[in-house]
Amino acid sequence: MGPIKRFICFAVIFENIHLGLTERSVSQNDESGYCLKLENRVSALGNVMKNLQDEKIMTEKKMDYIRQEIITSKSQYEGKFNILEMELKTTKEQLSNAKDIVTKLENYMQLNGFKIDEIEDISGLGVAEDTAEKVKRVLLPSTSTSSVAFSASLINHQENLSVYQKIRFDYVITNVGSGYNPVTGVFKATVPGLYFFTVVIMSHATEDIETQIVKNGIPIVNTYSGDSTTWNQGSQSVVLQLTAGDNVYIQIQNNKGVNDGNIRIFGQSWSSFSGFLIANTQ
């Protein structure tokens, strides 16, 4: 019998003696009986304490799991919010770029003798006042007898590109006249005339990239896309005089200070290449 249990037994015996029992009446059997009862009580209390300890550990584990769930959920929602915020920013930039392109094209046409005919006023059709304007139709010279237009976007991300490499916009949206080849990424003019081209390139988050519009191997204008914190789009437009057989495409610019490491372009239709015939000079 351990010293603690024996001490408890003697304490109980002493208490009985104090209550009037004689020392002789407290036999060895009585001592063993009291000790057995006390051992049972101590054992029961030990089991209760063990159960309480187990419940405490389980409760702590549940609290840790709930804390982790809260942290994970917060991170997921913050990530979705950042993506939506980035998409809104990109859409605004695309809208602004589109407006600039339309304005530049309209000014160019007016300077080169094209007539812009106002055919319909939509200001009274429930359109917001800041966007309501007259719909305009460009009257091309009578020499324009053919329609040529294409628009293609990049569905798959393009990775491990090199300088001077052509960008293949793999998803054809429009290809009137079949001048654009999605396998090579090259537009080939079949009709001599005045053409308008535009390109939009999206860089991956925290990266940058430079590209250029090229005519027959000669770089014409450059684009830059980059941001130190998120995705970003760069755009460029140009009007070119082409003869039948001339080629126009987009390539990686030879600037290794920017275009280094894994040169790549963001796809998912965030990057695109378009062009159309303004006037046939045949």
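## Aromatic pairs and nonpolar cores in a predicted model

Ser178 is found in the loop that runs between strands β5 (171-176) and β6 (180-181). The model described here is a predicted one. With a relative accessibility of 60%, Ser178 counts as exposed, and its phi lies near 55°, a positive value in a residue other than glycine. Most residues other than glycine have a negative phi. Gln268, which lies in the loop between β13 and β14, also has a phi near 55°, again a positive value in a residue other than glycine.

### The chain as a whole

The protein chain has 2 helices and 14 strands, and buried residues make up 30% of its 282 residues. When contacts between residues at least 6 apart in sequence are considered, 70% of them join residues at least 24 apart. The accessible surface of the chain comes to about 17800 Å², and 55% of that surface belongs to carbon and sulfur atoms.

### Aromatic pairs and the aromatic cluster

A search of the whole structure finds 12 aromatic pairs. A pair of aromatic rings is described by the distance of the centres and the angle of the planes. In the pair of Phe150 and Phe197, the ring centres are 6.3 Å apart and the planes stand at 50°, so this pair is tilted. Phe150 belongs to strand β3 (residues 149-153) and Phe197 to strand β8 (residues 193-203), and the pair therefore links distant parts of the chain, 47 residues apart. Both of these phenylalanines are buried.

Phe197 also pairs with Phe273, and here the arrangement is stacked, with 6.3 Å from centre to centre and 25° between the planes. Because Phe197 lies in strand β8 and Phe273 in strand β14 (residues 272-280), this pair ties together parts that are 76 residues apart in sequence. Phe197 is buried, with a relative accessible area of 0%, and Phe273 likewise counts as buried at 0% relative accessibility. Phe150, Phe197 and Phe273 belong to one aromatic cluster, which also includes Phe169, Tyr180, Phe187 and Tyr195.

The surroundings of Phe273 can be followed through its contacts. Leaving aside neighbours within four places in sequence, Phe273 is in contact with Phe150, Phe169, Tyr180 and Phe197, and also with Ser151, Ala152, Gly185, Thr198, Val199, Val248, Tyr249 and Ile250. Tyr249, one of these contacts, has Lys166 lying over the face of its ring, at 4.7 Å from the ring centre.

### Nonpolar cores

The largest nonpolar core has 28 residues, and those with the most contacts inside it are Phe169, Phe187, Tyr195, Phe197 and Phe273. The elements that give two or more residues to this core are β3, β8, β9 (208-215), β11 (232-242), β12 (247-252), β13 (263-265) and β14. Which strand gives the most to this core? The strand in question is β8, with 4 residues. Apart from this core lies another, of 6 residues, among them Ile101, Leu194, Phe196 and Ala279.

Tyr195 has its place in strand β8, and at 1% relative accessibility it counts as buried. The side chain of Tyr195 reaches the backbone oxygen of Val191 at 2.4 Å. Beyond neighbours within four places in sequence, Tyr195 is in contact with residues including Val148, Phe187, Val238, Val239, Leu240, Phe276 and Ile278. Val200 is also placed in strand β8, and, not counting residues up to four places away in sequence, it touches Gln233, Gly234, Ser235, Trp270, Ser271 and Ser272. His204 lies in the loop between β8 and β9, and its contacts, leaving aside neighbours within four places in sequence, are with His157, Glu159, Thr230, Trp231, Arg264, Ile265 and Phe266. Val200 and His204 are both under the 20% cut-off for buried residues, with relative accessible areas of 15% for Val200 and 8% for His204.

| Residue pair | Separation in sequence | C-alpha to C-alpha |
|---|---|---|
| Tyr195 and Val239 | 44 residues | 5.5 Å |
| Val200 and Gln94 | 106 residues | 8.7 Å |

Technical notes. Residues numbered from 1 in each chain as written. Predicted model: local features only at pLDDT ≥ 70, side-chain atom pairs only at ≥ 80, totals over all residues. Heavy atoms only, no water. Phe/Tyr/Trp six-rings, centres within 6.5 Å; stacked < 30°, edge-to-face > 60°. Buried < 20%, exposed > 50% of the residue type's maximum accessible area, 1.4 Å probe, protein only. Lys NZ or Arg CZ within 6 Å of the ring centre and 35° of its normal. Core = buried A, V, L, I, M, F, W, Y, C linked by side-chain atoms within 4.5 Å. Contact = heavy atoms within 4.5 Å. Areas by Shrake-Rupley, 256 points an atom, 1.4 Å probe, with all protein chains shown as cover. Polar contact = N/O pair within 3.5 Å; in protein donor to acceptor, adjacent residues only side chain to side chain.
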